[in-house]
Amino acid sequence: MTPIEDAAIGSVVVVGTGLIGTSIALALRQRDVRVFLADRDPAAVRLARELGAGEDWTGDSRADLAVVAVPPQFVAQQLLDLQKRDAARVYTDVASVKVLPLAQAAQLGCDLTAYVAGHPLAGRERSGPAAARADLFLGRPWAYCPTPEAAPEAVAAVEGLIALCGGNAVRVDAGEHDRAVAVVSHAPHVTAAAVAARLAEAPDAALGLSGQGVRDVTRIAASDPALWTGILSGNAIPVAEVLEAVVADLSAAARALRALAGDGNAVGDVTDLLSRGVAGTSRIPGKHGGPARTYAVVQVVIGDRPGELARLVQAAGETGVNIEDIRLEHAPGLPVGAAELYVQPEAAAALTEGLRERGWQVPTS
(Lines give C-alpha, C1' and ligand atoms only; values in the text may rest on other atoms or scores of the structure.)
Protein backbone atom coordinates (compact mmCIF):
# COMPACT_ATOMS: atom_id res chain seq x y z
CA MET A 1 0.00 0.00 0.00
CA THR A 2 1.22 3.51 -0.82
CA PRO A 3 2.53 5.30 2.30
CA ILE A 4 0.35 7.91 4.00
CA GLU A 5 1.55 11.36 2.94
CA ASP A 6 -0.25 13.91 5.14
CA ALA A 7 -3.54 14.61 6.90
CA ALA A 8 -5.09 17.00 4.35
CA ILE A 9 -8.56 15.96 3.23
CA GLY A 10 -9.63 17.03 -0.23
CA SER A 11 -11.62 13.96 -1.27
CA VAL A 12 -13.56 11.30 0.61
CA VAL A 13 -15.22 8.03 -0.38
CA VAL A 14 -18.33 7.24 1.68
CA VAL A 15 -19.35 3.59 1.47
CA GLY A 16 -22.88 3.22 2.83
CA THR A 17 -25.36 6.01 2.13
CA GLY A 18 -27.67 5.59 5.10
CA LEU A 19 -28.39 8.24 7.70
CA ILE A 20 -24.84 8.56 9.05
CA GLY A 21 -22.95 8.11 5.79
CA THR A 22 -25.09 10.60 3.90
CA SER A 23 -24.98 13.09 6.77
CA ILE A 24 -21.16 12.93 6.74
CA ALA A 25 -21.20 13.44 2.98
CA LEU A 26 -23.51 16.46 3.27
CA ALA A 27 -21.35 17.99 5.99
CA LEU A 28 -18.21 17.52 3.90
CA ARG A 29 -19.81 19.00 0.79
CA GLN A 30 -20.57 22.15 2.80
CA ARG A 31 -16.81 22.39 3.39
CA ASP A 32 -16.07 21.97 -0.33
CA VAL A 33 -14.66 18.46 0.05
CA ARG A 34 -15.16 16.27 -3.01
CA VAL A 35 -17.27 13.27 -1.95
CA PHE A 36 -17.74 9.97 -3.77
CA LEU A 37 -20.69 7.75 -2.83
CA ALA A 38 -21.09 3.98 -2.90
CA ASP A 39 -23.73 1.60 -1.59
CA ARG A 40 -24.99 -1.86 -2.49
CA ASP A 41 -28.40 -0.23 -2.94
CA PRO A 42 -28.34 1.93 -6.11
CA ALA A 43 -31.53 3.72 -5.02
CA ALA A 44 -29.85 4.89 -1.80
CA VAL A 45 -26.88 6.27 -3.73
CA ARG A 46 -29.21 7.99 -6.19
CA LEU A 47 -31.19 9.66 -3.42
CA ALA A 48 -28.04 10.74 -1.58
CA ARG A 49 -26.69 12.19 -4.82
CA GLU A 50 -29.94 14.05 -5.48
CA LEU A 51 -29.68 15.53 -1.97
CA GLY A 52 -26.32 17.00 -2.93
CA ALA A 53 -24.20 14.55 -0.91
CA GLY A 54 -21.71 13.82 -3.69
CA GLU A 55 -21.13 11.88 -6.88
CA ASP A 56 -21.00 8.22 -7.84
CA TRP A 57 -17.75 6.45 -6.99
CA THR A 58 -16.23 4.60 -9.92
CA GLY A 59 -13.05 3.54 -8.14
CA ASP A 60 -10.85 5.20 -10.74
CA SER A 61 -9.11 7.63 -8.39
CA ARG A 62 -7.64 7.32 -4.92
CA ALA A 63 -9.30 9.45 -2.23
CA ASP A 64 -7.66 10.99 0.82
CA LEU A 65 -10.05 9.22 3.18
CA ALA A 66 -12.60 6.40 3.01
CA VAL A 67 -15.51 6.27 5.46
CA VAL A 68 -17.03 2.82 5.96
CA ALA A 69 -20.65 3.43 6.98
CA VAL A 70 -22.01 -0.10 7.17
CA PRO A 71 -23.29 -2.24 10.08
CA PRO A 72 -20.61 -3.40 12.55
CA GLN A 73 -20.47 -7.00 11.38
CA PHE A 74 -19.61 -5.92 7.82
CA VAL A 75 -17.01 -3.24 8.56
CA ALA A 76 -13.89 -5.42 8.45
CA GLN A 77 -14.71 -7.12 5.15
CA GLN A 78 -15.61 -3.80 3.55
CA LEU A 79 -12.36 -2.32 4.86
CA LEU A 80 -10.37 -5.18 3.36
CA ASP A 81 -12.11 -4.80 -0.01
CA LEU A 82 -11.36 -1.06 -0.08
CA GLN A 83 -7.74 -1.54 0.90
CA LYS A 84 -7.26 -4.16 -1.82
CA ARG A 85 -8.44 -1.52 -4.30
CA ASP A 86 -6.15 1.10 -2.70
CA ALA A 87 -9.24 3.28 -2.47
CA ALA A 88 -7.80 5.83 -0.02
CA ARG A 89 -4.81 6.90 2.03
CA VAL A 90 -6.70 6.56 5.33
CA TYR A 91 -9.74 4.57 6.41
CA THR A 92 -12.26 4.93 9.21
CA ASP A 93 -15.72 3.63 10.06
CA VAL A 94 -18.77 4.87 11.95
CA ALA A 95 -20.06 1.65 13.53
CA SER A 96 -21.41 1.96 17.05
CA VAL A 97 -19.21 -0.86 18.38
CA LYS A 98 -15.45 -0.93 18.06
CA VAL A 99 -13.94 -4.11 19.51
CA LEU A 100 -15.62 -6.40 16.96
CA PRO A 101 -14.58 -4.53 13.76
CA LEU A 102 -11.02 -4.08 15.02
CA ALA A 103 -10.65 -7.75 15.92
CA GLN A 104 -12.10 -8.88 12.61
CA ALA A 105 -9.93 -6.43 10.67
CA ALA A 106 -6.80 -7.81 12.34
CA GLN A 107 -7.94 -11.38 11.64
CA LEU A 108 -8.51 -10.62 7.96
CA GLY A 109 -5.09 -9.03 7.63
CA CYS A 110 -6.23 -5.45 7.01
CA ASP A 111 -3.60 -2.71 7.10
CA LEU A 112 -4.14 -1.28 10.57
CA THR A 113 -1.57 1.49 10.07
CA ALA A 114 -4.06 3.30 7.80
CA TYR A 115 -7.23 2.48 9.77
CA VAL A 116 -8.66 4.39 12.73
CA ALA A 117 -11.99 3.13 14.03
CA GLY A 118 -14.58 5.81 14.77
CA HIS A 119 -18.12 6.35 16.01
CA PRO A 120 -20.08 9.62 15.86
CA LEU A 121 -22.59 9.58 18.71
CA ALA A 122 -25.39 11.21 16.78
CA GLY A 123 -28.46 9.89 15.09
CA ARG A 124 -32.19 10.01 14.68
CA GLU A 125 -35.02 7.53 15.08
CA ARG A 126 -35.46 7.75 11.30
CA SER A 127 -33.02 6.00 8.99
CA GLY A 128 -31.89 6.17 5.38
CA PRO A 129 -30.47 9.00 3.27
CA ALA A 130 -33.76 10.92 3.30
CA ALA A 131 -33.28 11.52 7.06
CA ALA A 132 -29.71 12.80 6.66
CA ARG A 133 -28.68 16.29 7.82
CA ALA A 134 -25.47 18.20 7.31
CA ASP A 135 -25.64 19.51 10.89
CA LEU A 136 -26.21 16.11 12.51
CA PHE A 137 -22.79 16.05 14.18
CA LEU A 138 -22.47 19.66 15.31
CA GLY A 139 -21.17 19.66 18.87
CA ARG A 140 -21.78 15.93 19.23
CA PRO A 141 -19.15 13.53 20.64
CA TRP A 142 -17.31 11.57 17.98
CA ALA A 143 -15.27 8.73 19.44
CA TYR A 144 -12.16 7.50 17.66
CA CYS A 145 -10.05 4.56 18.73
CA PRO A 146 -6.52 4.43 17.30
CA THR A 147 -4.66 1.17 17.78
CA PRO A 148 -0.91 1.12 18.51
CA GLU A 149 -0.38 0.26 14.83
CA ALA A 150 -2.19 3.36 13.53
CA ALA A 151 0.10 5.87 11.83
CA PRO A 152 0.06 9.40 13.30
CA GLU A 153 -0.96 10.73 9.89
CA ALA A 154 -3.99 8.42 9.86
CA VAL A 155 -5.02 9.60 13.32
CA ALA A 156 -4.63 13.23 12.23
CA ALA A 157 -6.75 12.61 9.12
CA VAL A 158 -9.63 11.17 11.17
CA GLU A 159 -9.36 14.07 13.59
CA GLY A 160 -9.59 16.33 10.54
CA LEU A 161 -12.73 14.53 9.35
CA ILE A 162 -14.38 15.02 12.74
CA ALA A 163 -13.51 18.72 12.70
CA LEU A 164 -14.88 19.16 9.18
CA CYS A 165 -18.18 17.61 10.28
CA GLY A 166 -18.37 19.80 13.39
CA GLY A 167 -18.04 16.93 15.85
CA ASN A 168 -16.31 16.89 19.24
CA ALA A 169 -13.39 14.45 18.95
CA VAL A 170 -13.07 12.03 21.90
CA ARG A 171 -10.08 9.67 21.83
CA VAL A 172 -10.88 6.45 23.68
CA ASP A 173 -9.83 2.79 23.90
CA ALA A 174 -12.08 0.45 21.90
CA GLY A 175 -13.06 -1.68 24.88
CA GLU A 176 -13.79 1.35 27.02
CA HIS A 177 -15.89 2.75 24.18
CA ASP A 178 -18.03 -0.38 23.94
CA ARG A 179 -18.64 -0.50 27.68
CA ALA A 180 -19.54 3.19 27.67
CA VAL A 181 -22.04 3.02 24.79
CA ALA A 182 -23.65 -0.01 26.44
CA VAL A 183 -24.57 2.31 29.33
CA VAL A 184 -25.46 5.50 27.46
CA SER A 185 -26.91 4.17 24.19
CA HIS A 186 -27.43 0.46 23.66
CA ALA A 187 -29.06 -0.61 26.93
CA PRO A 188 -31.26 2.52 27.01
CA HIS A 189 -32.52 1.59 23.54
CA VAL A 190 -33.50 -1.90 24.68
CA THR A 191 -35.12 -0.45 27.79
CA ALA A 192 -37.10 2.04 25.72
CA ALA A 193 -38.20 -0.80 23.45
CA ALA A 194 -39.38 -2.80 26.46
CA VAL A 195 -41.51 0.11 27.66
CA ALA A 196 -42.84 0.77 24.15
CA ALA A 197 -43.69 -2.91 23.72
CA ARG A 198 -46.19 -2.56 26.56
CA LEU A 199 -48.05 -0.06 24.39
CA ALA A 200 -48.52 -2.49 21.50
CA GLU A 201 -51.39 -4.23 23.28
CA ALA A 202 -52.47 -1.40 25.56
CA PRO A 203 -56.17 -0.47 25.42
CA ASP A 204 -57.18 2.59 23.43
CA ALA A 205 -58.18 4.32 26.66
CA ALA A 206 -54.59 4.13 27.90
CA LEU A 207 -53.17 5.49 24.64
CA GLY A 208 -55.68 8.32 24.75
CA LEU A 209 -54.17 9.38 28.06
CA SER A 210 -50.58 9.28 26.83
CA GLY A 211 -48.62 12.50 27.20
CA GLN A 212 -45.14 13.85 26.67
CA GLY A 213 -43.62 11.62 29.33
CA VAL A 214 -44.26 8.38 27.48
CA ARG A 215 -43.15 9.99 24.22
CA ASP A 216 -39.85 11.02 25.81
CA VAL A 217 -39.22 7.54 27.19
CA THR A 218 -40.13 5.63 24.01
CA ARG A 219 -38.93 7.96 21.22
CA ILE A 220 -35.80 5.99 20.33
CA ALA A 221 -37.74 2.71 20.28
CA ALA A 222 -39.08 3.68 16.84
CA SER A 223 -35.69 2.97 15.21
CA ASP A 224 -35.09 0.18 12.68
CA PRO A 225 -35.13 -3.21 14.52
CA ALA A 226 -32.86 -4.90 11.94
CA LEU A 227 -30.23 -2.18 12.31
CA TRP A 228 -30.34 -2.39 16.10
CA THR A 229 -30.16 -6.17 16.15
CA GLY A 230 -26.81 -5.90 14.38
CA ILE A 231 -25.59 -3.21 16.78
CA LEU A 232 -26.61 -5.13 19.90
CA SER A 233 -25.15 -8.42 18.68
CA GLY A 234 -21.81 -6.67 18.20
CA ASN A 235 -21.76 -5.46 21.81
CA ALA A 236 -23.72 -8.28 23.41
CA ILE A 237 -21.88 -8.88 26.70
CA PRO A 238 -21.55 -5.24 27.87
CA VAL A 239 -25.19 -4.58 26.98
CA ALA A 240 -26.34 -7.73 28.74
CA GLU A 241 -24.48 -6.72 31.90
CA VAL A 242 -26.17 -3.31 31.97
CA LEU A 243 -29.59 -4.81 31.29
CA GLU A 244 -29.11 -7.33 34.10
CA ALA A 245 -28.40 -4.44 36.49
CA VAL A 246 -31.52 -2.62 35.25
CA VAL A 247 -33.59 -5.79 35.67
CA ALA A 248 -32.31 -6.16 39.25
CA ASP A 249 -33.38 -2.60 40.06
CA LEU A 250 -36.79 -3.05 38.45
CA SER A 251 -37.36 -6.41 40.15
CA ALA A 252 -36.54 -4.88 43.55
CA ALA A 253 -38.93 -2.01 42.83
CA ALA A 254 -41.67 -4.42 41.75
CA ARG A 255 -41.27 -6.45 44.95
CA ALA A 256 -41.40 -3.28 47.02
CA LEU A 257 -44.56 -2.10 45.27
CA ARG A 258 -46.30 -5.45 45.89
CA ALA A 259 -45.30 -5.28 49.52
CA LEU A 260 -46.41 -1.66 49.68
CA ALA A 261 -49.85 -2.66 48.43
CA GLY A 262 -50.00 -5.19 51.26
CA ASP A 263 -48.88 -3.33 54.36
CA GLY A 264 -48.06 0.20 53.20
CA ASN A 265 -44.59 0.23 54.76
CA ALA A 266 -42.20 -1.23 52.16
CA VAL A 267 -41.31 1.84 50.10
CA GLY A 268 -37.54 2.03 50.56
CA ASP A 269 -36.45 0.26 47.36
CA VAL A 270 -38.77 2.39 45.23
CA THR A 271 -37.55 5.63 46.79
CA ASP A 272 -33.93 4.50 46.44
CA LEU A 273 -34.34 3.77 42.74
CA LEU A 274 -36.09 7.09 42.09
CA SER A 275 -33.39 8.97 44.00
CA ARG A 276 -30.59 7.24 42.10
CA GLY A 277 -32.43 8.11 38.90
CA VAL A 278 -32.37 11.78 39.83
CA ALA A 279 -28.66 11.54 40.64
CA GLY A 280 -27.89 9.84 37.33
CA THR A 281 -29.89 12.37 35.33
CA SER A 282 -28.00 15.23 36.94
CA ARG A 283 -24.71 13.78 35.62
CA ILE A 284 -25.74 14.01 31.97
CA PRO A 285 -23.60 16.81 30.45
CA GLY A 286 -25.25 20.06 29.44
CA LYS A 287 -25.57 21.30 25.89
CA HIS A 288 -21.98 22.58 25.73
CA GLY A 289 -20.52 19.43 27.28
CA GLY A 290 -20.07 20.86 30.77
CA PRO A 291 -22.17 20.25 33.87
CA ALA A 292 -25.91 20.18 33.29
CA ARG A 293 -27.60 23.52 33.92
CA THR A 294 -31.01 24.03 35.49
CA TYR A 295 -33.11 26.18 33.18
CA ALA A 296 -36.38 27.98 33.72
CA VAL A 297 -39.23 26.90 31.46
CA VAL A 298 -41.52 29.47 29.86
CA GLN A 299 -44.59 27.73 28.44
CA VAL A 300 -46.34 29.39 25.49
CA VAL A 301 -49.64 28.35 23.89
CA ILE A 302 -49.04 27.84 20.18
CA GLY A 303 -51.47 27.08 17.37
CA ASP A 304 -51.02 24.00 15.20
CA ARG A 305 -50.65 26.06 12.02
CA PRO A 306 -47.86 26.54 9.47
CA GLY A 307 -45.39 29.20 10.50
CA GLU A 308 -46.44 29.46 14.16
CA LEU A 309 -43.21 28.10 15.59
CA ALA A 310 -41.16 30.40 13.37
CA ARG A 311 -43.24 33.37 14.56
CA LEU A 312 -42.66 32.40 18.17
CA VAL A 313 -38.91 32.03 17.73
CA GLN A 314 -38.76 35.42 16.03
CA ALA A 315 -40.76 37.02 18.84
CA ALA A 316 -38.48 35.44 21.44
CA GLY A 317 -35.46 36.76 19.57
CA GLU A 318 -36.90 40.27 19.64
CA THR A 319 -36.92 40.16 23.45
CA GLY A 320 -33.14 39.72 23.46
CA VAL A 321 -33.34 36.48 25.49
CA ASN A 322 -31.27 33.49 24.38
CA ILE A 323 -33.35 30.30 24.04
CA GLU A 324 -31.33 27.35 25.32
CA ASP A 325 -33.77 24.65 24.16
CA ILE A 326 -37.29 24.24 22.78
CA ARG A 327 -39.73 21.37 23.25
CA LEU A 328 -43.21 20.98 21.85
CA GLU A 329 -46.11 19.26 23.57
CA HIS A 330 -49.24 18.65 21.56
CA ALA A 331 -52.77 18.67 22.94
CA PRO A 332 -54.48 15.49 21.65
CA GLY A 333 -57.57 16.27 19.62
CA LEU A 334 -57.05 20.05 19.78
CA PRO A 335 -55.55 22.46 17.20
CA VAL A 336 -53.18 23.91 19.80
CA GLY A 337 -50.19 22.83 21.80
CA ALA A 338 -47.55 24.21 24.12
CA ALA A 339 -44.04 25.30 23.31
CA GLU A 340 -41.67 25.03 26.25
CA LEU A 341 -38.85 27.56 25.99
CA TYR A 342 -35.84 26.79 28.19
CA VAL A 343 -33.90 29.88 29.31
CA GLN A 344 -31.53 31.00 32.02
CA PRO A 345 -33.58 31.50 35.23
CA GLU A 346 -32.77 35.20 35.41
CA ALA A 347 -34.15 35.72 31.87
CA ALA A 348 -37.53 34.03 32.36
CA ALA A 349 -39.39 37.14 33.54
CA ALA A 350 -38.13 39.29 30.65
CA LEU A 351 -39.09 36.62 28.11
CA THR A 352 -42.53 36.16 29.62
CA GLU A 353 -43.23 39.91 29.62
CA GLY A 354 -41.85 40.36 26.12
CA LEU A 355 -43.94 37.57 24.63
CA ARG A 356 -47.12 38.78 26.31
CA GLU A 357 -46.50 42.26 24.92
CA ARG A 358 -46.32 40.69 21.46
CA GLY A 359 -49.67 38.94 21.84
CA TRP A 360 -48.56 35.47 22.89
CA GLN A 361 -50.46 33.58 25.58
CA VAL A 362 -48.05 32.69 28.38
CA PRO A 363 -49.87 30.89 31.23
CA THR A 364 -48.96 31.78 34.77
CA SER A 365 -46.80 29.11 36.37
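Predicted model: local features only at pLDDT ≥ 70, side-chain atom pairs only at ≥ 80, totals over all residues.
Once the neighbours within four places in sequence are left aside, Glu 149 is in contact with Leu 112 and Thr 113. Val 116 lies 33 residues from Glu 149 in sequence, and the C-alpha atoms of Glu 149 and Val 116 are 9.5 Å apart in space. The side chain of Glu 149 is also joined to the side chain of Thr 147, through a polar contact of 3.0 Å.

## Salt bridges: Arg 34 with Glu 55

Side chains of opposite charge can pair when their charged atoms come close. The count of salt bridges in the model comes to 12, and one of them is formed by Arg 34 and Glu 55, whose closest N and O atoms are 3.0 Å apart.

## Arg 276, Asp 249 and a network

A salt bridge joins the side chains of Arg 276 and Asp 249, at 2.8 Å from N to O. Arg 276 lies in helix α11 (residues 268-282) while Asp 249 lies in helix α10 (residues 236-263), so the pair ties together parts of the chain that are 27 residues apart in sequence. The pair is also part of a network of salt bridges in which Asp 249, Asp 272 and Arg 276 are linked.

Arg 276 counts as partly exposed, at 41% relative accessibility, and Asp 249 likewise counts as partly exposed, at 26% relative accessibility.

## Arg 358 with Glu 318

Arg 358 forms a salt bridge with Glu 318, and the closest N and O atoms of this pair are 3.0 Å apart. Here too distant parts of the chain are linked, with Arg 358 in the segment after α13 (348-357) and Glu 318 in helix α12 (residues 308-318), 40 residues apart.

For Arg 358 the relative accessibility is 35%, so this residue counts as partly exposed; Glu 318, with a relative accessible area of 47%, is partly exposed as well.

Key
Residues numbered from 1 in each chain as written. Heavy atoms only, no water. Contact = heavy atoms within 4.5 Å. Polar contact = N/O pair within 3.5 Å; in protein donor to acceptor, adjacent residues only side chain to side chain. Salt bridge = Lys/Arg side-chain N within 4 Å of Asp/Glu carboxyl O. Helix = DSSP H or I, 4+ residues; strand = E, 2+ residues; numbered from the N terminus. Buried < 20%, exposed > 50% of the residue type's maximum accessible area, 1.4 Å probe, protein only.
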